[in-house]
Amino acid sequence: MRPEDILLPTPAGVCCKSGGFHIDPTRPVDKAVITHGHSDHARAGHGAVLATRETLDLMRVRYGDNFAGSTQEIGYGETVTLGGARVTCHPAGHVLGSAQIAVELDGLRVVASGDYKNVSDPTCAPFELVQCDVFITEATFGLPVFRHGNADVEIAKLLRSVTLFPERAHLVGAYSLGKAQRVIALIRKTGYDHPIYLHGAMEKITSYYQSRGIDLGRTELVREAKKAELAGTITLCPPSTLKDVWSRRFPDPVTCFASGWMRVRARARQHLVELPLVISDHADWDGLTATIAATGASEIWVTHGQEDALVHWSLIQGLQARPLDIVGYGDEDETDGVTETAGPGVAP
Ligand SMILES: [Zn+2]
Ligand SMILES: [Zn+2]
């Protein structure tokens, strides 16, 4: 038994032949196991979809009720047998409902971690370390330059700016699924209890988080507020809207962007960001390398980002390692998701 007999990299994503399914397929397939709700991993149009309840719900929010032929829920710690393979789901700590998928056959275990982070996040279950033989890791921030630091320190910077400039509005660009809700929860953790305003593209997903018991305090829609009321307030919006005419409705806005890419000054300048906030839902270099080592895996498959440095690092550790070169996984930290989350009929 070789790892490739369990999960085989194909152009459509990794495929389990004996279980008859793909994980996070990039094109429509008969049976898909989906790690989380971001649009590059969770696409509409598959025959059957197996995922956590939250991932299925978020796909419904984005694509409507008929996003797949049929659906099946799997909870954290639960095992489902598909063909000859045992499929178990473990928290990935990335966004609400995100899961690592462990696939076992004849005593060999491969873990496809999807996107993950190994730091605490008040809006989702913490990453669970799973011992395995082969670990498939993302590499969005797979370079030693990426060290995200403490998100609470970034939130403190934001709140200090709000205090210093009470006549200005603060616009925080943040991806609509996961990042926006995490930023709100981190702001609430400090005791900030004023209403927090939302761009329309975040309305449904934020309500969904609240319906799952995640306390985000009072949120209001920006389109229902008058310009003068927005002085001294915080609004979450998709990053692309920071440069949009939409931002003109705010009094003298301070533009902020919450992303792991804000570690790179050129990126902040490129987005005309006045206050960069280094907050990421992906593991940084230390997180990636520590996690790889801790899984005990002797073989590492690297996908989804800057693969070379992580493959090189793994080889130096004496592990087998290879890039998967699957095309089609985007980067929600860089793009803003406004088109896929807004949907028809949602006004900004
Ligand atoms: Zn993701
Ligand atoms: Zn991703």
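Seven strands make up an open sheet here, running in the order 7-8-9-10-11-18-19 with mixed pairing; two strands pair if DSSP finds at least two bridges between them. Helices (H or I, at least four residues) and strands (E, at least two) are DSSP runs, numbered from the N terminus. This is a predicted model, where local features need pLDDT of at least 70 and side-chain atom pairs count only at pLDDT 80 or more, while totals for chains, interfaces and linings use all residues. Side-chain values use heavy atoms, leaving out hydrogens and water, residues are numbered from 1 along each chain as its sequence is written, and chains are lettered from A and ligands numbered from 1 in the order in which they are written.

Back to the sheet: its edge strands are strand 7 (79-82) and strand 19, each pairing on one side only. From one strand to the next, the twist averages 20 degrees. Strands 11 and 18 pair in the parallel sense over six bridges, and T137 has V302 in strand 18 as its bridge partner.

Angles run from 0 to 180 degrees between N-to-C directions, with axes fitted to C-alpha atoms (for helices, over the stretch in contact), and contact means heavy atoms within 4.5 Å.

| Helix | Strands involved | Angle |
|---|---|---|
| Helix 7 | lies across strand 11 and strand 18 | about 175 degrees to strand 11 |
| Helix 8 | touches strand 11, strand 18 and strand 19 | about 165 degrees with strand 18 |

Helix 8 (residues 307-316) has E307, L310, V311, W313 and S314 as its buried residues (buried means under 20% relative accessible area, exposed over 50%, partly exposed in between, with a 1.4 Å probe and protein chains only). These cover an arc of only 160 degrees around the axis, which puts them on the same side of helix 8; the arc is that of the directions from the helix axis to the C-beta atoms. D308, H312 and I316 are exposed on the other side. The cover over the buried residues includes strand 11 (134-139), helix 7 (285-295), strand 18 (299-305) and strand 19 (320-323). Just after helix 8, G318 takes a positive phi of about 85 degrees.

Now for the metal. The zinc ion (ligand 1) is coordinated at 2.2 Å by H36 (NE2), H38 (ND1), H94 (NE2) and D115 (OD); donors are N, O and S atoms within 2.8 Å of the metal (3.2 Å for Na, K and Ca). Both H36 and H38 are buried. D115 also bridges to the zinc ion (ligand 2), with the two ions 3.5 Å apart.
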